[in-house]
Amino acid sequence: MRIPAHAVCTAIRDDIVSGVFAPGGRLTEELLARRYGVSRVPVREALRTLESEGFVTSRRHAGACVAEPTEQEAADLLELRMLLEPLAAARAARRRTEGHLKVLRGLVRLGQERARQGQGEDLRSLGGWFHETLAQASGSPGLIALLTQMRHKIAWMYVVEAPERPVESWAEHGAIVDAVARGDAERARALTAVHADRAARAHRPRVRTSQHAVNTAGGRL
């Protein structure tokens, strides 16, 4: 059975985000095909997609390599997300379904409970699910796709510190859901803007090497 290119693309992207493939490292079709147990055709297609997303770049005489974003590119990306998340919340207030509200309220309940218990790792996952669901509730496919791609890239470019006051952070999530449930787009936008600004301060750029490390079968391929 032929494994689709989008599945290979997801696997390579996940390995880039998690640091399996270092910035500047080569991504050869042969070694990637061997790693994921596929032919070179879906690997080639996946690399083209990842290049369009900014995770991969093509170098003369080297072929496909993991991109090396600059500090300015990382800062721009974080600022862009801070603009788009409030927009998604405002649209969610107008377009959300009862299903979206049920999921969002459930995540807030779990988040508040875990925050009181100090379970930081659970909070990280729950926060990601919350913002993904809020974006889905916007009913805007293009905005959803853009925010999803940004989440991947920000996870790659930044280390996110746990919030100093997780209970307050999840109270903010709850207030956003309340505004979305009431259909109050402007309040949902304003609350999300404040929350996004506070969350951005917890992001610390990852240390990038300027050396072009080569990923080979002897590494983690």
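**Entry 1: a starting point**

In which helix is Thr148 found? I looked it up, and Thr148 sits in helix α7. Before going on, I noted that this is a predicted model, where local features need pLDDT of at least 70, side-chain atom pairs count only at pLDDT 80 or more, and totals for chains, interfaces and linings use all residues. I also noted that residues are numbered from 1 along each chain as its sequence is written, and that side-chain values use heavy atoms, with hydrogens and water left out.

Is Thr148 buried or exposed, or something in between? I found Thr148 partly exposed, because its relative accessible area is 28%; buried means under 20%, exposed over 50%, and partly exposed in between, with a 1.4 Å probe and protein chains only.

**Entry 2: the whole chain**

I counted nine helices and four strands in the protein chain. Here helices (H or I, at least four residues) and strands (E, at least two) are DSSP runs, numbered from the N terminus. From the N terminus on, I read the order α-α-α-β-β-α-α-α-α-β-α-α-β. The C-alpha atoms fill a box of roughly 55 × 35 × 30 Å along the principal axes. Of the 221 residues, 43% count as buried.

I checked contacts too (heavy atoms within 4.5 Å). Among those between residues at least 6 apart in sequence, 76% join residues at least 24 apart.

**Entry 3: helix α7 and its partner**

I went back to α7, which has 17 residues. From first C-alpha to last it reaches 24 Å, close to the 24 Å expected at 1.5 Å a residue; the expected span is 1.5 Å times one less than the number of residues. Its buried residues include Leu143, Ile144, Leu147 and Trp156.

At what angle do the axes of α1 and α7 cross? I read roughly 35°, with the axes of α1 (residues 5–17) and α7 (residues 141–157) coming within 8 Å. Axes are lines fitted to C-alpha atoms, for helices over the stretch in contact, and angles run from 0 to 180 degrees between N-to-C directions. Arg13, Ile16 and Val17 in α1 meet His152, Ala155 and Trp156 in α7.

Helix α4 (residues 71–95) holds Arg81. I noted Arg81 as buried, because its relative accessible area is 13%. Leaving aside neighbours within four places in sequence, its contacts include Leu147, Met150, Arg151 and Ile154.

**Entry 4: aromatic pairs**

How many aromatic pairs does a search of the whole structure find? I got two. Rings of Phe, Tyr and Trp (its six-membered ring) pair if their centres lie within 6.5 Å; planes under 30 degrees apart count as stacked, over 60 as edge-to-face and the rest as tilted.

Phe55 and Trp156 form a tilted pair, 5.2 Å centre to centre with 35° between the planes. Phe55 is in the loop between α3 (40–53) and β1 (56–59), while Trp156 is in α7, 101 residues apart. Both Phe55 and Trp156 are buried.

Phe130 and Trp170 make an edge-to-face pair, because their planes are at 75°, with the centres 6.2 Å apart. Phe130 lies in α6 (residues 120–136) and Trp170 in α8 (residues 166–182), so the pair ties together parts 40 residues apart in sequence. Phe130 counts as buried at 0% relative accessibility, and Trp170 is buried at 3%.
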